[in-house]
Amino acid sequence: MLAARASTRRTVTQRVNSAARSFATVVDSAGIKVASVDNNQPTSSVTFLLKAGSRYETKPGVAHALKNFSFKSTANRSALGTVRESEIYGGVLSASLSREHLALTAEFLRGDEQYFVDVLSSILLTTRFARHEYNEYVLPTTHGEISSSTPSANPSFQAIEIAHALAFHNGLGSSIIAPPHFEHHVSHEDVRDFAKSIFGNRENLAVLGTGIDQGKLVGLVEKALSGLGGSAPASSSSSTSSKYFGGETRVQADSAHGHGGPQTVFIGFGTAGSPPPASLSVLSSYLSPTPSLKWTSGTSPIASALASSGVPASVKVVYLPYSDAALFGFLVQGANGEAVAKAGKIAVDALKSVSSGLKGDEWKKAVAKAKFAAASTLEGREGLVQILGGKVLAASGPSTAAAVEETIKALDRVDESAFAKTTSELVKAKPVFVAVGDVASLPYADALGL
Amino acid sequence: MATLAPKVLASKSLAAWIAPVAHWYTNLAGYRKYGLKYDDLVIEETEDALGRLTPRERFDRAYRMKRASQASVLHAPLEKADWTKPQEDVRYLRPHIAEVEKENAERTMWDTALVTRK
């Protein structure tokens, strides 16, 4: 059936590629990389993407505290002033942290770009890092985020955090959430010094705009950030290049009322090397039990096996690519340890049977699904910033114009043999196994055939 | 707080005339004999401003207050060695009060601001 529709498929591919070509090029403006996409939408957004993720942090929790220090008082504006002025313009300011990047984002109506670029650059240039703001705003917010992500409050998040530590140890393994009592060893001065070391080098910054003209953004950024990293630039932030280790751990998590979160197991497989192979996204789209149509069970091998076994557990496929490594895995959640063990076995068996390769329609289906997922992520602002920003920051020169197109084209180049090779290598390495919940009933790795 | 102090200090000759009188007057106020600092007595203190002291400053302030209360109960100033020396009598709280007042004023300004589109 797919062969009969080959012509339709070709047009879809062409359309994806031609859309990709309208993505903006990256301009190196006095050492600052600026990229912008304008699809004539009514709102604009500007993101300052910084290499200040948890993998670069100097002490555990510094990156998280720095994220919560954004949009606090600067030389020219108080924290309150920033909020009230932005409200008058009708804009939204946000900061988000990932393992690799800190993103400071302003979304606003077209025409207000001058003000918002000024707000974002003043954060980099003149944030005061006042002690009282650290105590009065940053610590309570950070502690709120810590307590909502404990193993009992958010088992799935914790399972993936612990899996990163097991898989990549230091660097990429550092948690994006600060440890519970981080304020005893992280002061506002530590946060300020960390910020200075990041902000002091133009290579750590990429400016990404959507809905804004490239030339205009370059002009504004050049003017606003002329003083950045001035006479003595700090060294570019660095972290040890990632290596994959693997391992097993179990974390007891129970709620005070006896009906806490679901029993959780994360089974992970990692690779190191940059960039992560495109075949991994094909693998994750093939195995993902999320159906394409609501209220159906989907055609993934895991989904059909789960549906026929009637196990009260869910399996989610997790694929997390980074600049020099990737973590692929299954998040298995269920009401009790027995159900989780059964569902985990189904997932592991499905992965093992795929590791010999995919053929025919199955292969075409998986690639098309992966391509659609990549293209539709690139369409949204957040996906674009994440993917384009990562590529812009990773590249050394302004030669990253084709970076975004590359994401989709890489999927065209993947073939069955490369896929089989990547998958079998992935399965051969020592897996990551994390159990969160009632550790007495949750299975061990060997029980799932790992 | 309306004060002429900056103007007086700006002129060297005027400061030389007035400073001895000022020191005499401060000593006459008597709080130094009870080991207190001037900022222990300010009445504009707020919880916000006190919360911004370092833990050390907060501890020292509480200690001075307790010691002064005890001396007051005994109806006698402290030993002369425990009196606050002029160089120790720094305005440790005033900057925080000024900052809090400025923030409150700014909040009032934003709460009552009239916005006009240009």
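On a 1 Å grid over the protein atoms alone, a cavity is a set of points where a 1.4 Å probe fits but cannot get out; lining residues have an atom within 4 Å of a point. Grid points are joined across faces, edges and corners, and a volume is the space filled by probe spheres set on the points. The model is predicted: local features need pLDDT of at least 70, side-chain atom pairs count only at pLDDT 80 or more, and totals for chains, interfaces and linings use all residues. Residues are numbered from 1 along each chain as its sequence is written, chains are lettered from A, and side-chain values use heavy atoms, with hydrogens and water left out.

By this rule, one cavity of 30 Å³ or more is counted. The largest cavity holds about 50 Å³ of space. Its lining consists of A:L66, A:F69, A:S70, A:L102, A:L104, A:I123, A:T127, A:F129 and A:F199. Two or more of the lining residues come from each of α2 and β5 (102-109) of chain A. Helices (H or I, at least four residues) and strands (E, at least two) are DSSP runs, numbered from the N terminus. By class, the lining has seven nonpolar, two polar and no charged residues. Here Ala, Val, Leu, Ile, Met, Phe, Trp, Tyr, Cys and Pro count as nonpolar, Asp, Glu, Lys and Arg as charged, and the others, Gly among them, as polar.

Helix packing comes next. Two packed helices are described by the angle between their axes and the distance between the axes. Axes are lines fitted to C-alpha atoms, for helices over the stretch in contact; angles run from 0 to 180 degrees between N-to-C directions. Angles under 35 degrees count as roughly parallel, over 145 as roughly antiparallel, 65 to 115 as roughly perpendicular and the rest as oblique.

The axes of α2(A) and α7(A) (residues 188-199) come within 9 Å and cross at roughly 85°. The two helices are therefore roughly perpendicular. Contact (heavy atoms within 4.5 Å) joins A:V62, A:A63, A:A65, A:L66 and A:F69 of α2(A) to A:H188, A:D190, A:V191, A:F194, A:A195 and A:F199 of α7(A). These residues comprise nine nonpolar, one polar and one charged.

Helix α2(A) (residues 62-69) also packs with α5(A) (residues 131-147), at about 120° and with axes 9 Å apart. This pair is therefore oblique. On the α2(A) side, the contact residues are A:H64, A:A65, A:K67, A:N68 and A:F69. The contact divides into five nonpolar, four polar and three charged residues.

Helices α3(A) (residues 79-89) and α4(A) (residues 113-126) pack at about 160°, with axes 11 Å apart. They are therefore roughly antiparallel. Residues A:T82, A:E85, A:S86 and A:Y89 of α3(A) meet A:Y115, A:F116 and A:V119 of α4(A).

Conventions:
1 Å grid on protein atoms, 1.4 Å probe; cavity = no way out; pocket = protein on both sides within 12 Å on 5 of 7 lines; lining within 4 Å.
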